[in-house]
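Take a first look at this protein chain. Follow it from its overall build to its core.

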Amino acid sequence: PKLIVVTREGVEKTAEADTGLSVMEAIRENGFDELLALCGGCCSCATCHVFVDEAWSDAVGGPGEDENDLLDSSGHKQPNSRLSCQIEMSNALDGLRVIIAPED
Ligand code: FES
């Protein structure tokens, strides 16, 4: 599936993501270096914060409880905030667009 990534500079790029990868892994595998993903995807660092394009919020769904607590600690939380390591790429998300959140 395709994944559209908007960088912090506002540059939009389309990436190929393998199903089963997290959005965080797909972003990093495609050469974007803006996501630190310090904890490696185990939902404990919040450095993989993205905003989900509103057209995709229903398909992606909201954060889990622990994820939401982490997002609360971010100064940039929005209603469409998610930790990208907690979103799994699937064909249903083909064309998903995410915006990399500002650094805290
Ligand atoms: Fe650490 Fe997602 S990579 S919370």
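**From outline to core**

Of the 104 residues of the protein chain, 31% count as buried. Buried means that 20 or more other C-beta atoms lie within 10 Å of a residue's own; exposed means 12 or fewer, partly exposed is in between, and C-beta atoms are placed from the backbone. This is a predicted model: local features need pLDDT of at least 70, side-chain atom pairs count only at pLDDT 80 or more, and totals for chains, interfaces and linings use all residues. Residues are numbered from 1 along each chain as its sequence is written.

The chain holds 3 helices and 5 strands. Both are DSSP runs, numbered from the N terminus: helices are H or I with at least four residues, strands are E with at least two. Their order along the sequence is β-β-α-β-α-α-β-β.

The C-alpha trace spans about 30 × 25 × 25 Å along its principal axes.

Two residues are in contact if their C-beta atoms, placed from the backbone, lie within 7 Å. Among contacts between residues at least 6 apart in sequence, 66% join residues at least 24 apart.

Now the core. A nonpolar core is a set of buried Ala, Val, Leu, Ile, Met, Phe, Trp, Tyr and Cys residues joined through C-beta atoms within 7 Å. The largest one has 24 residues, and Leu-3, Val-23, Met-24 and Val-98 touch the most other members. Two or more residues each come from β1 (2-6), α1 (23-29), β3 (49-52) and β5 (96-100). The largest share, 4 residues, comes from α1.

Leaving aside neighbours within four places in sequence, Met-24 is in contact with Leu-35, Ala-37, Gly-41, Cys-48, Ser-84 and Cys-85.
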